[in-house]
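Reader: Let's go over the ligand site. Keep it quick, please.
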Amino acid sequence: MREILMRPEMYKFNTFKEFADEFKVGERDLIFTNKYIYDPYVSHLNLGCVTCFEEEYGEGEPSEESISKIFDALNPEDYDRIIAIGGGAVMDVAKVLSLKRVGAVHDLYFRKLPVIPEKELIAIPTTCGTGSEVTNISIAIVKEDNGNTTKLGLVDDLIIPKKICLIPEFLKTLPYKAFASSAIDAFIHGAESFLSPSRATMTSELFGVKAMEIILEGFKRIAEQGQDARFDYGEEFLTAATYAGLAFLQAGCATVHAMSFPLGGTYHVPHGESNYLLFGKVFEKYDQINPDGKIAEFKKLIASILGGSEKDSIAALNALLEKILHLQPLRNYGFKETDIEAFADSVLANQQRLVTNSYVPLDKELIMEIYRELY
Ligand SMILES: NC(=O)c1ccc[n+]([C@@H]2O[C@H](COP(=O)([O-])OP(=O)(O)OC[C@H]3O[C@@H](n4cnc5c(N)ncnc54)[C@H](O)[C@@H]3O)[C@@H](O)[C@H]2O)c1
Ligand SMILES: [Fe+2]
């Protein structure tokens, strides 16, 4: 069993300025971020860095087209290090940017090209979040051979950033909805890795359980005190998201992520939100099909955090999540009845790395049943 792969050196700073001083950030650094993050936190320091703003190359989550445009806009000879400041989207693009350019972005994601590290990458997450700063995955929207779009993960240990910094200051400007969907995503990382049948390890469980405890404690505060309660708990959320990343780096994500990818790829539903749309139903099905396996321990854990009985803990969890983000039917996002079967086929064709981690065997019928009930 492969145990913890804590490849990055991990740092925590209160402010970006403290980080910039410590790391002697200067003109041979590329700062890859969003303009609305750069302006309030970085520009006044006049560091003289090369800059690139992700949103100028395409809307929404990274795609093979937007990444190709960013490649064209940057000359790797202009910088030695890449400092990525942003959510999972910025982080995932930066991972690919740190590689030697050996061909088309499409071919990289479809594993037709080798992954060769070139630039040092320092990852600073500003959502709480994907855990991408510690994982070996970069996700992009890609075109399948049949012309459909989906999301595909490029998975390779060589793309794990060498250094990561947690700087809670950045969360001050994160809009509530982006906060909520990214924190739910982090919770789902903890939950899916906890149930991962063959890949869960001692340390994935340690980090996953801690992440789920911290996040649910924060959600309880928000449910009781309102959305602003997140600001006094930012460092905890940020830390929990990284813990959840360490958990799923080892144990893997599963059905929720697998079924969310065609949805995100086709209808541009943000990653955390599209996972959330599937999470409650998937876990209900898990509980119906195999209530006595590891999910019994999951329910015990949730009941110990939320109070109430183990039997009702999944319902109580879904009720708490509803207070954080309103759950809507898939059709509100553009999902059509014909997608039920088409998405099931796409999941089985493209997401086997996730399908194999499902807590119950995942076949086409079950996938279609879940989509249908959420339609
Ligand atoms: N590599 C991995 O391990 C992994 C895992 C899960 C998801 N992902 C990918 O990560 C992406 C989702 O990441 P995310 O949930 O962090 O969202 P995101 O990166 O899409 O960011 C959400 C929104 O918030 C903005 N934002 C981020 N931080 C901000 C801040 N501090 N202040 C103001 N605005 C801010 C972003 O610009 C964006 O508009 C998806 O592309 C998904 O596929 C990657
Ligand atoms: Fe995720």
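**Ligand 1 and its shell**

Author: At least three residues of the shell around ligand 1 come from domain 1 (9-170), and at least three from domain 2 (175-374). Domain bounds come from an automatic or database assignment. This is a predicted model: local features need pLDDT of at least 70, side-chain atom pairs pLDDT 80 or more, while totals for chains, interfaces and linings use all residues. Residues are numbered from 1 along each chain as written, chains are lettered from A and ligands numbered from 1 in written order, and side-chain values use heavy atoms, without hydrogens and water.

Reader: Which residues come nearest to ligand 1?

Author: Tyr36, Thr126, Thr127, Thr135 and Ile137, of 28 around ligand 1 (a heavy atom within 4 Å).

Reader: OK, polar contacts. What does a nitrogen atom of ligand 1 have at 2.8 Å?

Author: A polar backbone atom of Phe170, and a side-chain N or O atom of Thr173. A backbone N or O atom of Leu174 is 3.5 Å from a ligand 1 nitrogen. Polar contacts here are N or O pairs within 3.5 Å.

Reader: How much of ligand 1 does the protein bury?

Author: 88% of the 860 Å² that ligand 1 exposes alone (Shrake-Rupley, 1.4 Å probe).

Key
Polar contact = N/O pair within 3.5 Å; in protein donor to acceptor, adjacent residues only side chain to side chain.
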